[in-house]
Amino acid sequence: MSSKPLVVVESPTKIRTVKKYLGNEYNVAATVGHIKDLPSKEIGIDIENNFKPKYRNIPGKQKVISALKKEAGDAEDIYLAPDPDREGEAIAWHTSEILKKKGRRFHRVLFHELTRNGIQEAMASPDTLNAHKYEAQQARRILDRLVGYQISPLLWRKVKNGLSAGRVQSVAVRIICDRERAIQAFDPVEYWSITARLHGETPPPFEAKLARKDGKKIEIPDETSARAILAELDGEDLVVDEVKKKTIRRNPQPPFTTSKLQQESIRKLRFSAKKAMMVAQQLYEGVELESGEPTGLITYMRTDSTRIAAEAAEEALELIREQFGEEYAPDQPRFFKNRKKVQDAHEAIRPTSVKNTPEKMKPFLSPEQMMLYTLIWKRFMASQMQQALISNNSIAIRGGAYRFSASGSTVKFPGFMALYMSEEQTLESEKEKGLLPELEKGMVLRREEMIPRQHFTQPPPRFSEASLVRELEEQGIGRPSTYATILSTIQDKGYVEKVNRNFRPSELGFIVNDLVVESFPDIFNVEFTARMEDDLDRVEAAEIDALNILTRFYSPFEKELNSAAEGMRSMKGVGMPIGQKCPMCNSEIHIKVGKNGPFIACSGYPECNYSRDYTRDEKGQIKVIEPDPVEAVDKVCDKCGKPMVIKRGRYGNFLACSGYPDCKNTQSVSTANGGQSTGVPCPEDGCDGELMERRSKRGKVFYGCNRFPDCKFAIWDKPVKTPCPRCGAKFLVEKTTKKDGTFLKCLNKACGYKALADEENGEE
């Protein structure tokens, strides 16, 4: 057996990079993510015993664990080098538990960059395992499990199988729902503006906007008011009253933090937050360069710090002088102050060496890697360049009691702007653009025309991915490393949908949000969730004990949970009143949720069987969708013998017994011609088909590819369009057994994922 020291990393893609720089003196192995987790079939938290977690080896990880033990052999020193964050710390702790052996020493190694210097320096100064960081991760995991595994089953009983609530995920949905309701409640207000197109003694012509009357800010509510002002201005000379010229110094922005990288990638590259993090991980873990050496091109990509190493800044200044000239390089490196409550464990995201310019790296990078690397490289280089100098002119123009204003700017010295401007800086510069002629106080201007324009106030905008990430960061919800997962989860669960690249709650999202906020007003409160994040940071900083925050959390949560078990309204049964009367019997109409989603129905059911699909208008008001006329088909019900008719449901037409509600037999219209769509793509390699619901000759439902007979993939269990959170498989399947009830599981036997109720998982 080997006696070489073992270095344990998290990702297999790092093994070659680490081996290259450590040589043959060490063995290197990977955990391939977490190797221990809470069990999937139960809550896995001993609440009565100080919330003790019941960790288990993850099913399917036995080969990995065996390989780790084999690589460790009889080595006395184990260097634990998973990612340098809370999740990595948990992996390091669990690895040490599995490899624990008498006389064996464990060292924690933090690779902030996967370069020769970064790896060798980390190995030269190993640390001990960080108990406080591990406790912070574990506390978050316990909190998420307590919420997910106890609220999600409520939603399964009260609303629909397969739904979930998450401690942070549900707050993100609440933010989107609150914004949508603000949009629906918004009433636009009319207002007008007046713009003067003017000429000085020299070109160019320019525009000035009416701003004040008698020294006070002017408001023009309607066209009548606008016309009255134009009449008053008709005989007035427009005279230059004041000319201000100043030079504005504009500073570059700091290098990227995780959230800022996600926001800028979304805006400039049209990446999703998830894609940005995936590509950044590739750049961090290492790319094989011309020398054949795999090299990490950027520092660790999960950070909320703007701190940078002095030597990295000096290297950037040297390259700036070479490429742009001395005038573009400040005398000293520029360092940036972190915001309060920032974890400063890692530097900002920067190139491991600015000498690896995008042009040099292009042959070794995929197009997506090249785009993101260029963004990171330019942002860091620009952060060390000189300020931009902007010449700004502002003009005040008098016309009787009225005052117009105009401004324009030109770039005197581009500084950092010669290389990079953020999307926000670009928009700001566009607004400021505009040349003004040389004007002097007292100069009478020639008017070309006065332009009145009608406007209406605008509702608050829907959140895009970028603005939602910014909102989560500003509100202190989640952590930068969790944003991509949050955004993916709320879409995968069907709680929000994208309209023109912006988030809008689905009807199901509104319903679930209203139920959980009503039953758990504190748990899903923005301020409460932000305070919890602060508390977790305090656990890591050894300022507070994890048990303290778990106890404080659970006591009120348990009361709300017990109350909700009885008090949360059932959307399967009673439903939610909408303030409208049934057109058939005048009883209250309620929103309910069935297997095909939300619908409206008479509260007098079964005496009255009125029900309809519905939509909402832009004000959020319910609009009933009247069904197509009932169409008979040449088929009788195989249960009662009455004629079958075609009806329309949430997912299209279906056959229903005309004897409803006495007979509730239904059947897919498309059973005979290929099956009903599930929306789940076929998993077979190279197949672009889709799984369809079909029936066997004996009438048993199964799910097969619509490209049959070219593709013969088929399964008995119902596919659900939710990726496996453990192995990334394209979908899960829904099963029901007497022992476990209804649950979701992964078909990948090596994975073994199974969940009674979905939960928010892997937050960091």
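Colleague: Are α14 and α15 parallel or oblique to each other?

Modeller: Two packed helices are described by the angle between their axes and the distance between the axes. This is a predicted model, in which local features need pLDDT of at least 70 and side-chain atom pairs pLDDT 80 or more, while totals for chains, interfaces and linings use all residues. Residues are numbered from 1 along each chain as its sequence is written, and side-chain values use heavy atoms, without hydrogens and water. Here the axes of α14 (residues 465-475) and α15 (residues 483-492) come within 11 Å and cross at roughly 120°. The two helices are therefore oblique to each other, because angles under 35 degrees count as roughly parallel, over 145 as roughly antiparallel, 65 to 115 as roughly perpendicular and the rest as oblique.

Colleague: Is Tyr 300 buried or exposed?

Modeller: Buried means under 20% relative accessible area, exposed over 50%, and partly exposed in between, with a 1.4 Å probe and protein chains only. Tyr 300 has 1% relative accessibility and so counts as buried. An unreviewed UniProt entry places the feature "active site" at Tyr 300; such annotations may be inferred rather than shown by experiment.

Colleague: With which side chain does the side chain of Tyr 300 make a polar contact?

Modeller: A polar contact is a pair of N or O atoms within 3.5 Å; within protein, one must be able to donate a hydrogen and the other to accept it, and residues adjacent in sequence count only if both atoms are side-chain atoms. The partner is the side chain of Asp 85, at 2.6 Å.

Note on methods
Axes are lines fitted to C-alpha atoms, for helices over the stretch in contact, and angles run from 0 to 180 degrees between N-to-C directions. Helices (H or I, at least four residues) and strands (E, at least two) are DSSP runs, numbered from the N terminus.
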